[in-house]
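Dear colleague,

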Amino acid sequence: MYESLQLPEQRARVKIDEMLTLAGWEVQNFKEINLGSSFGIAVREYPTDTGPADYILFVDREAIGVIEAKKEGVILTTVEEQTSRYANSKLKWIEDNKKLLFLYESTGIITRFTDNRDIKPRSREIFHFHSPHSLFKKIKNKRGLRERLTDIPPLNNEGLRLCQINAITNLEESLKEARPRALVQMATGSGKTFTAITSIYRLLKFAKAKRILFLVDTKNLGKQADQEFSAFTPNDDNRKFTELYSVQLLNSSFIDSTSQVCISTIQRMYSILSKENIDESAEEINPNELKFTETQAKEVSYNPEIPIDFFDFIVIDECHRSIYNLWKQVLDYFDAFFIGLTATPDKRTFGFFNENVVSEYSHEKAVIDGVNVQGVPYIIETEITSKGSKLTCNQYVDIRNRLTRKSRWTQLDTDIEYSERDLDRKVVNISQIRNIIKAFKEKITTEIFPGRLELPKTLIFAKTDSHADDIIKIIRDEFNESNDFCRKITYSITKNKLKPEDELQKFRTAYNPRIAVTVDMIATGTDIRPLECLLFMRDVKSKGYFEQMKGRGTRTISLDDLRKVTPSARYNKDHYVLIDAVGVSKSVKTDTRPLERNKSVSTKDLMQHIIMGNRNEDYITSLAGRLTMLERQIKPEEKEKIKELTGGKVINDIAGDLLDAFDPDIQIERAKKDFNLDRDTEPSKDQLKSVEKALVKESCKVFDNPKLRDFLIDVRRNLDQVIDTTNLDKVTYAGFKEDIQDFSKTVIEKFKQFIEDNRDEIIAYRIFYNQPYNRKELTFKMIKELNEKLSKSPYDLTPEKIWKAYAQNEENRVKGANSARKLTDIISLLRFEMELVKELRPFDDSVNQNFKEWVFKKNAGHIQFSEEQMEWLRMIKDHIITSVSIDRDDFENTPFAERGGLMKIWNLFGDKMDGVIEELNQALVG
């Protein structure tokens with residue numbers, strides 16, 4: 001009643017007072033001022049020589065800030081001048097008061113803040129007021145964070161890729177300009193985490209950042225990040241990152257005050273801010289696997305233990321995911337710089353980061369640079385995969401319990417017609433799975449990876465755990481292999497006391513397993529370099545998620561490292577194969593998961609929201625309604641299973657508790673009991689709100705048990721699956737989507753076109769075309785310029801790609817296909833295409849052979865070189881291999897300078913020195 005009589009300005013002041021009190025300020029009226037009563041004092045209506053300020057903030061008796069209060073709805077940027085005027089005014093009774101450093105404007109709903117210490121003070125919206133101790137620490141630092149960012153020196157590029165150098169340099173430039181949000185887009189496999197850790201190291205060392213949060217959305221990514229921090233050694237220090245700075249992987253609500261880097265899931269950070277425990281399984285769910293609605297923003301209240309400036313920077317890994325709808329307020333809580341990392345940004349991601357993209361390094365560019373490898377699509381189609389099938393009434397079939405996998409033989413009382421969408425959910429056609437696996441086995445080492453003696457490391461994406469189990473059984477049978485050959489790697493393997501990360505490590509580094517089957521765990525963010533084949537046996541509707549899943553195969557690996565797990569590999573990994581067995585490459589993809597405006601949320605998603613703390617009345621009552629319906633549908637043995645999982649509760653008990661949490665009569669009775677009220681005393685709104693929260697928490701606790709959630713999900717999906725053993729499937733097509741020979745021919749044609757287009761433009765090419773036997777003008781700089789032009793659109797070629805194309809089309813005329821390519825191999829490629837040589841050989845092979853022939857010719861002409869002369873001639877030959885040519889200046893550099901340089905070679909060859917150098921330039925490259 002009293003609140004409704006207040007003026008809008010008064011209501012704003014009440015809210016501001018509450019916020020200040022929560023933040024640790026003691027709010028006083030000017031007439032009752034007592035600066036000794038608390039460390040931080042907010043004084044209302046303090047007089048200045050330009051009028052009374054709404055609030056003056058004192059810390060340790062010193063005036064440091066001002067708050068301008070306005071009614072709700074006022075646009076606060078329009079009153080910044082008024083706040084600034086008070087900040088520069090003379091405060092009454094304070095001698096020589098300095099300009100106030102911290103300026104706020106607030107309606108109690110929206111608050112803006114300006115730090116006058118910044119080089120270019122600029123206001124920003126903040127979630128809450130800073131605490132007195134936070135502002136005191138800012139004053140002690142004297143120079144603000146934004147000013148300290150200007151201390152960051154130029155980057156030491158040693159050991160960094162060009163894409164990483166660009167990302168770090170541009171990010172630091174963005175931070176120096178005080179841009180609050182920055183997006184780093186780097187292709188999967190190009191070293192996003194390494195780039196981020198390098199930036200974090202520099203922010204801690206040079207900008208003196210207090211604390212940085214590395215935010216992930218699954219526990220698996222958190223563990224992986226923790227390992228990368230532990231392994232990181234900066235290029236300007238011999239010590240590990242963790243020897244220099246304290247890194248904490250958050251597994252509870254405790255944050256060590258000495259931690260300088262905290263790694264946390266966003267779910268964990270929400271639980272810390274809200275002081276609500278969440279089940280650990282909430283940290284394992286990939287956001288791409290969940291559906292989202294418009295009304296899902298997490299409600300976060302101010303937590304005095306975690307002030308808004310607790311972190312200076314928040315690095316958000318995989319920031320393209322659907323975390324903003326659900327968790328946006330967790331991010332908005334902090335007054336920090338946000339740095340996003342992603343390989344696949346979408347429109348929402350660009351919007352969140354204010355379109356401030358500091359790095360754009362695409363997968364295509366990464367392939368050109370040799371950082372990533374490209375994917376080659378291969379299609380396996382079967383009749384039933386494409387069209388589904390039908391089971392007829394009175395036919396006998398197996399009915400299998402999805403959870404226990406127990407089967408029973410029964411007669412159908414109706415026809416069952418199923419589509420491809422029903423496969424491995426309502427109906428399992430074993431023949432369909434078997435024929436895909438048989439085609440995969442037949443083609444993998446004959447057509448897809450010809451010549452391999454063992455199966456390339458393969459990852460299979462399955463629809464469900466049950467589907468994964470069917471795939472694994474059939475693979476072991478068809479390949480006649482042991483359990484170790486094919487393993488399931490999902491979060492659920494922890495039920496068998498196996499750690500998913502241990503299984504992942506085996507898949508990375510051991511010979512077995514050759515095949516891993518996963519539902520979601522390895523879909524994104526997991527580094528498995530020896531992986532050469534992805535087999536999709538599930539469809540994916542999200543474009544971004546599909547790109548992330550494909551990204552598992554893009555990472556490069558050297559031939560030596562690849563052979564450690566795949567001994568018969570013949571070449572460096574230069575591509576991976578995406579085997580599409582379900583039409584995933586043809587299905588329509590969306591940029592983001594669309595908002596479900598009809599509020600149709602699955603039971604699985606409802607339970608997931610509830611365990612994550614999103615417990616609004618709509619979700620809870622919807623779930624209660626579905627459970628009530630379920631009670632009438634399930635079998636007695638299933639009801640007993642639920643009682644076992646809940647400690648004695650039946651479904652109606654669970655649903656009743658959920659509904660009771662919002663029953664006004666029950667809330668009133670509970671409030672009277674909890675607050676010891678007389679029967680005639682009505683509880684207050686705050687008391688009823690507190691009781692509702694407690695009832696909701698108690699009723700939802702049962703869903704913390706992941707086994708119960710899994711059981712209810714499977715029951716809802718119909719635990720029984722029909723096993724179709726009658727309709728046998730057959731493969732209708734198996735082949736490369738774009739035939740690999742055609743693909744390589746396209747590469748060669750592009751290379752030919754490049755030569756023709758640039759005949760008169762590139763110096764290095766003109767020498768080849770018009771003067772094929774005169775090499776003395778050719779330099780490494782020319783070769784480098786040639787490579788740069790070759791790598792750009794419309795050619796998008798690399799020596800590696802061209803060499804591989806020739807190897808696939810003219811294998812008998814190509815040598816050294818399994819060795820790493822050098823930039824100078826462009827010379828060999830040009831000469832081969834121009835038919836100046838009959839076979840394609842690595843440039844160093846040609847130079848070595850030419851050197852032998854040159855020395856033999858000299859010996860035949862009765863010119864005998866001393867051992868020391870031969871040693872220098874070999875050094876010249878090695879220099880030409882890497883640099884194309886040599887001249888006098890080169891002898892002043894390594895390795896010649898250390899052996900006496902130009903003077904030494906003159907002593908060895910005398911006035912024949914220049915002739916020898918010229919001969920070698922022509923003979924070795926010619």
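Helices (H or I, at least four residues) and strands (E, at least two) are DSSP runs, numbered from the N terminus. By that rule the protein chain has 35 helices and 27 strands. Before going further, please note that this is a predicted model, in which local features need pLDDT of at least 70 and side-chain atom pairs count only at pLDDT 80 or more, while totals for chains, interfaces and linings use all residues. Residues are numbered from 1 along each chain as its sequence is written, and side-chain values use heavy atoms, with hydrogens and water left out.

The chain as a whole

Of the 926 residues of the protein chain, 53% count as buried, where buried means under 20% relative accessible area, exposed over 50%, and partly exposed in between (1.4 Å probe, protein chains only). The protein chain exposes about 42700 Å², of which carbon and sulfur atoms supply 47%; accessible areas come from the Shrake-Rupley method with a 1.4 Å probe, and for residues only the protein chains shown count as cover. Among contacts (heavy atoms within 4.5 Å) with a separation of 6 or more, 70% are made by residues 24 or more positions apart.

Strands of a sheet pair through backbone hydrogen bonds, either parallel or antiparallel. Here two strands are taken to pair if DSSP finds at least two bridges between them.

Glu45 belongs to strand S2 and counts as partly exposed, at 34% relative accessibility. The side chains of Glu45 and Arg13 are joined by a polar contact of 3.1 Å, the term meaning a pair of N or O atoms within 3.5 Å (within protein, one must be able to donate a hydrogen and the other to accept it, and residues adjacent in sequence count only if both atoms are side-chain atoms). Not counting residues up to four places away in sequence, Glu45 touches Arg13, Phe30, Pro52, Ala53 and Asp54.

The parallel sheet

Another open sheet of seven strands has the order S10-S11-S9-S12-S13-S8-S14, with parallel pairing. Its edge strands, S10 (247-249) and S14 (357-361), each pair on one side only, and the twist averages 15 degrees from one strand to the next. Strand S9 (residues 212-216) pairs with strand S11 (residues 261-265) over five bridges in the parallel sense, and Ile212 stands opposite Val261 in S11. Helix H7 (residues 192-206) lies across S8, S9, S11, S12 and S13, running at about 165 degrees to S9.

The cores and Thr385

A nonpolar core is a set of buried Ala, Val, Leu, Ile, Met, Phe, Trp, Tyr and Cys residues joined through side-chain atoms within 4.5 Å. The largest has 48 residues, and those with the most contacts inside it are Phe751, Tyr806, Leu873, Ile876 and Leu920. Its largest share, seven residues, comes from H33. A second, separate core of 47 residues includes Leu215, Leu250, Val330 and Phe353.

Finally, Thr385 lies in helix H14 (residues 383-387) and is buried, with a relative accessible area of 11%. Its side chain makes polar contacts with the side chains of Thr382 (2.5 Å) and Gln432 (3.1 Å). Leaving aside neighbours within four places in sequence, Thr385 is in contact with residues including Glu420, Leu423, Ala581 and Asp729.

With best wishes

Key
Axes are lines fitted to C-alpha atoms, for helices over the stretch in contact, and angles run from 0 to 180 degrees between N-to-C directions.
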